[in-house]
There are 2 protein chains.
Amino acid sequence: MITNLENILSDSAKGMKRSVIRELLKLTQRDDIISFAGGLPAPSSFPIDDLKKISCKILDQEGSSALQYGATEGDRKLREILTKRYQDQGLQITTDNLVILTSSQQGLDLAGKIFLNRGDKYICGLPSYLGGLGAFSSYGGIPVGIKFDEHGMRSDLLEETLEKMQEQGEIPKFIYVIPDFQNPAGITMPEFRRLEIIEIARKYNILIIEDSPYRELRFEGEAQRMMYELDNTGQVMSLGTFSKIFVPGFRIGWIVAHEAIIDKFVKAKQSTDLCTAPFVQKIAAKYLEEGLFDKNLKKIIEMYHRKRDVMLKAFEDFMPEGVSWTKPEGGLFLFLRLPKDMDAEDLFKIAIEKNVAFVLGSVFHCDGSGKNTMRINFSFMDEEQNRIGVQRLADSIKALMNNRVEI
Amino acid sequence: MITNLENILSDSAKGMKRSVIRELLKLTQRDDIISFAGGLPAPSSFPIDDLKKISCKILDQEGSSALQYGATEGDRKLREILTKRYQDQGLQITTDNLVILTSSQQGLDLAGKIFLNRGDKYICGLPSYLGGLGAFSSYGGIPVGIKFDEHGMRSDLLEETLEKMQEQGEIPKFIYVIPDFQNPAGITMPEFRRLEIIEIARKYNILIIEDSPYRELRFEGEAQRMMYELDNTGQVMSLGTFSKIFVPGFRIGWIVAHEAIIDKFVKAKQSTDLCTAPFVQKIAAKYLEEGLFDKNLKKIIEMYHRKRDVMLKAFEDFMPEGVSWTKPEGGLFLFLRLPKDMDAEDLFKIAIEKNVAFVLGSVFHCDGSGKNTMRINFSFMDEEQNRIGVQRLADSIKALMNNRVEI
């Protein structure tokens, strides 16, 4: 073994940490723990029988190309079907505006590779998806966090921040947002806020990355148009994925963007993995083509809707005064806020003893704030577990409040 | 659209080009062209019927976990099976030394991310796999090419180069080699050469990346031990893949390395795609577990052996004097050398007119040399096409030699 491994690492590798969440998930995989920590879809939402049929069909009909290398841009039919879905929503795009990625996480990674030099700044929410921050920081990107109000990223603070940065000759490379059912906050940006942010981005000539894994999981309320559509000039690039609305086990995501940006993603992807697995792409395309996707999506939405309702009810039933939470209209997460002087890390230790787990909100805050916040997932556990888990969580909070740690 | 896209690109993105080969492949996909250009396995080698059965079995037995997110390190069973195969070969490793990647191309990309700062140098062969050079250059790595003799990378030139670099205070980050049936040269390093290179790497305290996609495709001659085994200290990391010995359409590769290096790869992979698709990993594991892999591999080896023989015979039958070629003992490629004053690019134009395609050898030479060389793939076309294609190629060469371009 070489004797200087730590010395020869790139600056990127020197700063790399294992994901807090993924490491934490390992600790919470005891059978008796009710875990609200992950961001996993419910396994009961996976259309196993249909996928058996479709897999056989693909191997019968297109086995040779499904098992061969594919185009870097992705499977033509899958791109067409996804493009059509966006067109039906109102987006003015063609297949040339959409390429398949190996998960939308790859989209975040490639965005980092394409836009960030070491030390470059970018804008993100306070809070923001940890995997985005991780991907960008692996290219030396430096996050500039913008606080949230009930409508998501505050546009007044965004403008103020950009103005200050401009005065100092610092223009961030992009604004990273999750407009629908934000991870971790569970907040959806109304259209007026989306428009404000687009306007500011235009004023300062900055790209927007619209990360949209949960958009199709709306339980109630009205869909807000995608920022890609509201902009319609190519200022916005949008990331999508099957992970929460179909299956994560295929690792299929995609990006919708201006052709000039798509070109950069294709080039960057080539040296990263040549292409996304054609086998799973073709299965997904056939699954969509046969109309099975929308049927299953409806089932998922109903399931998560019920799970969320049970959880919100349990919060109301069990939570002590001083605790507040978001009421997401869709997605997988809600966000809990403890009284200001409480630390969710202290709570975590008690909660684990009481067999319930969550993720510290602070890990989603690039400035280390949010110590009194927590992310709660409601999609993975069943309804009963959601209720019991919240009860345990409430008991833990009460114990912490009373400073009486029961073990 | 922002008005300054080209300006806000990272230095990496500014240097990115679409892969010459992948772009070229698009041009040569006319039905009437016999293409020796790609590096594709023969579709007839894909075990479609077995994969139908296995896919159904996986969905029946482990559907929920196959379609869910998985561990970044990869599927436990697949890692165990692959580890066992290496142990049987003589490698002293445990499952902790092996993690699954989304193609071995991802291994090259992550190696770049982990070890290269912009401007860092690394050693590669003249010639070398283009996808390796592309991945490293996407992190700003600068190749230092070492010429080949009939045994692969010349150790005398390697030592000379490293000595000179050391004098100038420049230590390259790693040595990139493909010891078995090298792409594009078709050369296999004998053990004495492997040992020489390991010794030099130790002397200068440099890691070795052993890229090994073709190793198991040996038609004849004796297997040379892996550099990982010959070293056995962790100086070497080895990349493997199913793409040439099973199916490329799953995009499954892996790395074998010292635990300290594995740790870096796991961290880097987390922000890149979270995990490799569990669905295809579980299918592959089951396929190997049931003993189907080795049976099919034997079939592939026999098929490519015959294809190579037909091609070598055709070379002998048709090639004019002054042309030489390697006689690979396995793998997918052989390398053709035209007389020194001839340019393969001139030949390419004639060859395309005669409906035969290949890849210019120069694209594999980081210093732009090799203008009179060409890479020829013998795995994708059938035996008859291999013979006819070589005849067309020989005709093209003769035409170029006679300076009589027939159209």
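A residue is buried when its relative accessible area is under 20%, exposed when over 50%, and partly exposed in between (1.4 Å probe, protein chains only). Helices (H or I, at least four residues) and strands (E, at least two) are DSSP runs, numbered from the N terminus.

This is a predicted model, in which local features need pLDDT of at least 70 and side-chain atom pairs count only at pLDDT 80 or more, while totals for chains, interfaces and linings use all residues. Residues are numbered from 1 along each chain as its sequence is written, chains are lettered from A and ligands numbered from 1 in the order in which they are written, and side-chain values use heavy atoms, with hydrogens and water left out.

**Exercise 1. Helix α14 of chain B**

Task: find which residues of helix α14 (residues 344–353) of chain B are buried, and describe the ends of the helix.

Solution. 
- Step 1. Pick out the buried residues: B:A344, B:L347, B:F348, B:I350, B:A351 and B:I352.
- Step 2. Look at the N-terminal end. B:D343 caps α14(B), with a side-chain oxygen 2.8 Å from the backbone nitrogen of B:E345.
- Step 3. Look past the helix. B:N355 follows α14(B) and has a positive phi, near 65°.

**Exercise 2. Two copies**

Task: work out how chain B is related to chain A, and what the two chains share.

Solution. 
- Step 1. Superpose the copies by least squares on the C-alpha atoms of residues with pLDDT of at least 70 in both. A rotation of 180° with 0.0 Å of shift along its axis puts chain B on chain A (RMSD 0.0 Å). The two copies are therefore related as by a two-fold rotation axis.
- Step 2. Compare the contact surfaces (contact means heavy atoms within 4.5 Å). The same surface serves both copies, as 100% of the contact residues of chain B recur in chain A.
- Step 3. Count the residues. Chain B gives 91 residues to the contact and chain A gives 91 residues.
- Step 4. Take the buried area, meaning the accessible area (1.4 Å probe) that two parts lose on being put together, summed over both. Chain B and chain A bury about 7400 Å² between them, with 58% of it on carbon and sulfur atoms.
- Step 5. Locate the axis. B:S55 comes closest to it among the residues of chain B, at 3.6 Å (C-alpha).

**Exercise 3. Charges and polar atoms across the interface**

Solution. 
- Step 1. Apply the rule: a salt bridge is a side-chain nitrogen of Lys or Arg within 4 Å of a carboxyl oxygen of Asp or Glu. In one example, B:D60 pairs with A:K52, and the closest N and O atoms are 2.8 Å apart.
- Step 2. Find the helix that gives the most to the side of chain B that touches chain A. That helix is α11(B), with eleven residues.
- Step 3. B:K264 has a relative accessible area of 8%, so B:K264 is buried.
- Step 4. Check for a polar contact (a pair of N or O atoms within 3.5 Å; within protein, one must be able to donate a hydrogen and the other to accept it, and residues adjacent in sequence count only if both atoms are side-chain atoms). The side chains of B:K264 and A:E6 are joined by one of 3.0 Å.
- Step 5. List the neighbours. Not counting residues up to four places away in sequence, B:K264 touches A:L5, A:E6, A:L9 and B:I114.
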